[in-house]
Amino acid sequence: MTDLFQRLMNMDKRWLYLLVGLAAVIPILLPLNLPVNVAQSVQDLYDRVESLPAGSIVLVSFDYGPSTGPENDPMADTFIRHCLARDLKVICIALYPLGGVTEGLEELRRAVGPIDPPNGVLESSSFPGKFYGKDFVYLGYKDGGQATMRQMGENVHTVFPQEYFQAPVTQYELSNQVQGYGDVTFVMSLATGIIGEWWANLVNAQYGTPVAVGCTAVSAPKYFAYYKAGQMFALLPGLKGAAEYEYLVEQQHPRIAEATAADVYNAGKGWDVQSIVYSIITLFIIIGNVGFLVERRQQLRR
Amino acid sequence: MFKKRLPLLLTFIAGMLPIFSFFFRAPALLEDDPTGNGVVQVSDTFEQWMVILAAGALLLGVVNVFQVNLKKISNRGKGWPYAVVFLTALIVTAVFGLWDAFARADITAWYAHAAYQWIVEAGFKPLQATMFSLLAFYVASAAFRAFRVRNVEAGILLAAALLIMLGVNPYVVRALPFLPDLTQWTLNIPNAAAQRGIIIGAALGAASMALRILIGIERSYLGLQKGE
Amino acid sequence: MSTEVWVWVAALFTLFILSFLYKDNPFFRFAESAFAGISMGYYINLTFKNTFVPNLIAPLFHAGPAYSPELYPGHTAQHWLLIVPFMLALILYTRYIPKIAWVSRFALAVYVGYYTGLNMMQKLQGEVLPQSADTIRSFWRFIPERLPIWVSGQGHTVSTGEWISSLVFVIGVLAVLVYFFFSAEHKGVVGGVGRLGIWFLMVSFGAAFGYTIMGRVSILIGRVIFLVDDWLGLG
């Protein structure tokens with residue numbers, strides 16, 4: 001028994017890498033559709049969106065890049081679809097320098113369909129009757145982080161004089177209407193790292209605007225402190241949070257369930273893989289520690 | 001004196017602007033003058049300028065990187081072929097990127113954008129994502145080889161980690177239905193308490209460091225030593 | 001299997017990076033160098049397209065429909081002032097010319113000063129005050145429940161579970177703050193409370209470890225799905 005543990009401890013780490021790789025590939029080829037338990041922080045976001053009157057404006061900030069796409073992309077897709085299904089208006093910006101601008105456009109297009117405003121394609125194919133500039137709009141990316149957030153509190157048009165496709169913001173009804181944080185009902189930040197915190201400790205603290213954050217799993221433990229203090233009214237922690245939110249929205253909105261199922265990647269698929277790899281790593285930790293305790297007991301006996 | 005004292009004075013003035021404007025933004029003061037009083041207007045203009053300056057600072061590293069890599073190539077230093085790859089990738093991406101940035105709304109803009117987007121989709125996004133994904137393998141290997149319960153503190157760390165990891169596993173949850181609630185409690189109470197302690201402590205430290213910089217005690221960011 | 005060139009290039013880059021798991025090799029080094037170069041080029045485009053062109057160059061030269069004087073007559077009034085941040089940004093680069101490197105200190109002083117001032121207010125008002133306020137509210141939530149109503153002046157209906165949770169929470173915050181207080185020696189009562197603070201920190205680090213694994217695996221999932229679905233077409 002001790003020999004077995006010794007051999008396991010001294011195993012070439014590349015066998016571990018192979019095991020993790022297989023654990024990641026197999027559930028994609030053979031989907032498991034594992035169940036999810038919804039946390040209160042996720043339920044809070046769902047309830048808020050469901051309770052808002054039609055026409056309310058939500059600001060969505062893409063504060064992540066392709067590196068955390070697998071966690072944040074499903075949150076973005078589901079959230080924008082949920083808002084449009086509830087007839088809320090969505091104004092999108094990007095504040096993350098390493099790829100936020102491309103993520104914003106990509107996810108907006110994934111949610112609403114292949115819009116192309118410069119060539120006159122303004123109507124959403126996924127939500128017929130919803131138009132770019134009237135029901136949703138994308139202002140693009142701006143440098144400056146906190147300074148930009150402060151400036152937006154005074155005048156959004158000064159920070160974003162043009163929307164992403166380089167038309168003046170005053171040209172479109174929705175972007176013209178939103179001039180400061182007072183014009184939006186709440187801010188949804190899809191964040192990796194510190195930008196989500198800035199929305200809480202700058203915009204919520206100084207302007208009183210409600211903030212919800214969809215963060216990566218790495219940042220989640222810290223964000224729970226802000227959620228508990230009420231600086232964020234909702235929190236989607238990592239892929240688990242995305243899967244839970246997706247589950248809640250799909251129960252109530254079958255059209256969104258169809259759209260999500262048609263996506264190449266969604267939180268549910270990712271969560272299957274996540275669960276299996278997570279289980280394997282948990283097993284590694286338990287085996288490693290059992291082996292360590294067995295070894296220590298042997299040394300004490302000697 | 002001019003070279004050392006004036007930058008410190010500039011730091012102080014530039015730092016005082018957002019602090020003053022914070023207090024001058026009170027609604028009661030702005031009621032009489034909806035366009036904002038003088039301090040707020042100056043601060044707003046300054047904030048727009050800082051966005052431009054921040055962008056300029058972002059590109060500082062480009063000059064340094066060119067210097068270092070050109071030297072490596074000319075001296076045939078270790079790994080110089082990779083320096084060639086690096087500079088080629090940088091120049092090609094930058095050329096298409098600047099073309100995309102400056103192109104007006106006409107047919108050349110379409111070509112510029114398409115070319116640049118191709119580089120982003122085929123190069124930047126997969127490379128960045130894959131670099132980060134290597135960490136998944138390293139974390140698994142480290143968890144197996146190095147995560148050991150050597151003392152009480154390590155035991156608590158392990159217990160908390162297992163609680164989180166098992167609390168999201170659907171099979172374990174089915175066997176132990178109280179587990180998700182216990183996991184949430186752990187996240188919302190002891191974890192949030194510790195994180196709050198860290199946030200408050202770090203924020204107080206950062207605020208005191210900020211004060212040291214503004215009043216000129218801390219000068220290392222200007223390349224000055226203490227007493228200079 | 002995909003027939004698009006960009007998918008094949010992306011897949012090859014992905015495999016080159018993943019080959020490092022077996023061992024260091026020239027393919028990985030090539031992909032690593034390409035990544036560094038492309039990232040920097042990406043940053044250059046980002047900075048120019050999203051900041052310099054719309055916020056500096058276009059307003060200065062009235063280029064583009066958003067800055068047309070006919071459409072926005074009041075909009076061009078102070079745009080000549082934008083020459084100031086432009087000069088400051090240029091001054092930053094004098095640090096690479098040894099003879100006049102000291103000039104860059106002025107621009108750096110303005111940049112560091114502004115963000116330091118902003119950060120200080122944000123830390124105090126956005127972190128210290130709200131977090132402390134909620135801790136005090138948690139503290140007060142359980143005290144009145146256990147005092148006679150003529151002392152507390154109010155009746156609360158806090159369940160025992162919430163009462164215990166609030167107590168644990170407040171003790172945790174205070175213990176962690178005591179641990180970080182290095183002006184007093186960690187002996188006796190202070191040492192004991194500091195040790196309790198470490199235990200709370202260990203719970204937090206354990207949670208962070210669990211979530212970090214989740215985060216890293218998610219990124220791997222994205223790559224695997226790209227290879228299996230987009231490249232090989234097996235999904």
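Helices (H or I, at least four residues) and strands (E, at least two) are taken here as DSSP runs, numbered from the N terminus. This is a predicted model, in which local features need pLDDT of at least 70 and side-chain atom pairs count only at pLDDT 80 or more, while totals for chains, interfaces and linings use all residues. Residues are numbered from 1 along each chain as its sequence is written, and chains are lettered from A in the order in which they are written.

From the N terminus on, chain B runs α-α-α-α-α-α-α-α-α. With a radius of gyration (over C-alpha atoms) of 27 Å, well over the 17 Å that the globule rule (2.2 Å times the number of residues to the power 0.38) gives for 228 residues, chain B is more spread out than a compact globule. Along the principal axes, its C-alpha atoms fill a box of roughly 65 × 60 × 50 Å. Of the 228 residues of chain B, 38% count as buried (20 or more other C-beta atoms within 10 Å of the residue's own, with C-beta atoms placed from the backbone).

Contacts, defined by C-beta atoms that lie within 7 Å, also link the two chains: 40 residues of chain B and 39 residues of chain A take part. On the side of chain B that touches chain A, at least two residues come from each of the helices tabulated here.

| Helix of chain B | Residues |
|---|---|
| H3 | 38-58 |
| H6 | 107-146 |
| H7 | 152-167 |
| H8 | 170-175 |
| H9 | 179-214 |

H6(B) provides the largest share of this side, 12 residues.

Key: Buried ≥ 20, exposed ≤ 12 C-beta atoms within 10 Å, placed from the backbone.
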